[in-house]
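Trainee: Please take me through this structure. I would like to know what stands behind each label.

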Amino acid sequence: MSPAGPTALRAPPEGPLPPDGPRQPEGPRLPPDTVTVFGGAGTSTVESDSVRRAAARVAGAADDLRAAATQCLVASEDLTLPGTAGALWRPDTGLGLASGVGLTGSAALGPAARALEAAAHEAARRLTAHADRCDLLGWRLLRAAGLYEEAESTAERLVGALVTAGTFGIGAAFGVLGGAGLAGAGVLGAGEVAGRLGGGVLAGSGPRVVAGRAASAATRGLAPYSDEAFAGLGNGVALAQPALAQGRPGIAGGAGVLAHVARELPVLGNDDSGVRVTRLAPEDFAAGSVPAWSETGAPSVQEALTRMDGLYPGAGGAPAGTMAIQKVLGHDGAVSWTVLIPGTQSTLSADHPWDGRSDLELMAGQADGATAAIERALADSGVGPEEPVTLVGHSLGGIAATALAAQAGFAERYRVGGLVTAGSPTGLLATPPGVPVLHLEAPEDLVSQADGRSAAENPRTRDRVTVVRSLRDSTAVSDRAASGDVVQAHAVATHVRTLDLAIGSGDARVTEVADRISSRLRGTIASTTFYRTERVDP
């Protein structure tokens, strides 16, 4: 391999160091380096200025190393005089450096000159590599402390503001010109459109492939601004219909308007129904049997999340609107419970509460069918007041789980032992102190951005941890594919991989919360009851 020339090395940056410390590594990153953690105990309690100063010092060291690399290259060029065919020469003595005698021929001294030149280039290459590692170390410091995501550039902030303003205008126009019904129908249908773009358009050939690639590129490009888009849209709808928004701005007000539409328009499902839960038998499942895991406790949070797929009609053969409650007997004889709550299974209002209407009601903080169904199933299961209940939810299920945990009345009836959400917009909801909470998100997962907040804006406490992973920045083929597909980005498996990477990184905040939750999931004996939920006339 020939030594790297000066043009192959990155020149030292000009001007002062940026206030945020080192630069973000350019290009795709290894999957573990796409994970960012916010909240929790440990490094999140470190003084932010101290972390920034440490990162800036590492950045300074990187610049010094690059300056040294440049000097090595300059020195290698100074050692070789033009016109001597690569021979080394000391002008003050007329002696060749390689032999210590007078220069008798460039051919004899050429190999030594080339060797020294190669050594100088190799030293420069190594110094530059160390500088790159320092940049990465400094960036990891900021990321580990939850500071890097706060350091948006001026350009990014400007684009975000423009996106918010644009979607605000769209939301207001829908409300004023087309009425709330048009806005409601448009937003409630967005899930179906996204599903078709993400799941089906990539198949086939010709124009469909081109369209699929364009949709993937658009998803990757727009994902960082999806929270601003939702925030602007929610504010616009709320402003256009202040009475239906009950004077509340933002996502909550806009969702309240659209929830009213979902309840009132005949085409969307038009009554204030109650809910009913019914125990399922093995023959109610497509395979004629319940999932194999029903008699074993989950050994980890990842396993509990993975089991969620068995509750969806397409994946696990369960009837629509199915949830599961597992009773676990621990090694010490203590009883604990795990509630597995799946996500939206119908965009429009359906005969069960796992639909777009419940999504909107939950985001608006209104009474909804999903939380009512969960409480009925818990009551039917016979959960004791001192037996901890861990709520695990995907998508809508995560919103419902967080909304329940935030209710004072629920905490009075049940002891909340833990909360896990995957791909759920939960930033507007509070969680009780002392309860370990773990949120899993990705900017390309548009559902998790529907609260108008990025993962960096989620509440941060000692007990509440948010793990976010940038799929589009990963070198992994599966991550890159998911980054351009709204369905894959939202899938349970994608969020399970995020948690695997976060725990594998050894981040103390993630492992501490995950261990506290996992201790409630495991046990020697387990039994699971599956419930079908339905909307019924009150």
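Trainee: How many cavities of 30 Å³ or more does the count come to?

Mentor: The count comes to 1 cavity of 30 Å³ or more. On a 1 Å grid over the protein atoms alone, a cavity is a set of points where a 1.4 Å probe fits but cannot get out, and lining residues have an atom within 4 Å of a point. The model is predicted: local features need pLDDT of at least 70, side-chain atom pairs pLDDT 80 or more, while totals for chains, interfaces and linings use all residues. Residues are numbered from 1 along each chain, and side-chain values use heavy atoms, without hydrogens and water.

Trainee: What volume does the largest cavity have, and which residues line it?

Mentor: Its volume is about 40 Å³, the volume being the space filled by probe spheres set on the points. The lining consists of Trp 293, Ala 298, Ala 304, Arg 307, Gln 326, Thr 338 and Leu 340.

Trainee: Why are α11 and α12 called roughly perpendicular?

Mentor: The axes (lines fitted to C-alpha atoms over the stretch in contact, with angles from 0 to 180 degrees between N-to-C directions) of α11 (residues 369-381) and α12 (residues 396-406) cross at roughly 70°. Angles of 65 to 115 degrees count as roughly perpendicular, and α11 and α12 therefore belong there. Helices here are DSSP runs (H or I, at least four residues), numbered from the N terminus.

Trainee: Which residues make the contact?

Mentor: Ala 370, Thr 371, Ile 374 and Glu 375 of α11 meet Leu 396, Ala 400, Ala 403 and Leu 404 of α12, where contact means heavy atoms within 4.5 Å.

Definitions and conventions
1 Å grid on protein atoms, 1.4 Å probe; cavity = no way out; pocket = protein on both sides within 12 Å on 5 of 7 lines; lining within 4 Å. Helix = DSSP H or I, 4+ residues; strand = E, 2+ residues; numbered from the N terminus. Parallel < 35°, antiparallel > 145°, perpendicular 65-115°, else oblique.
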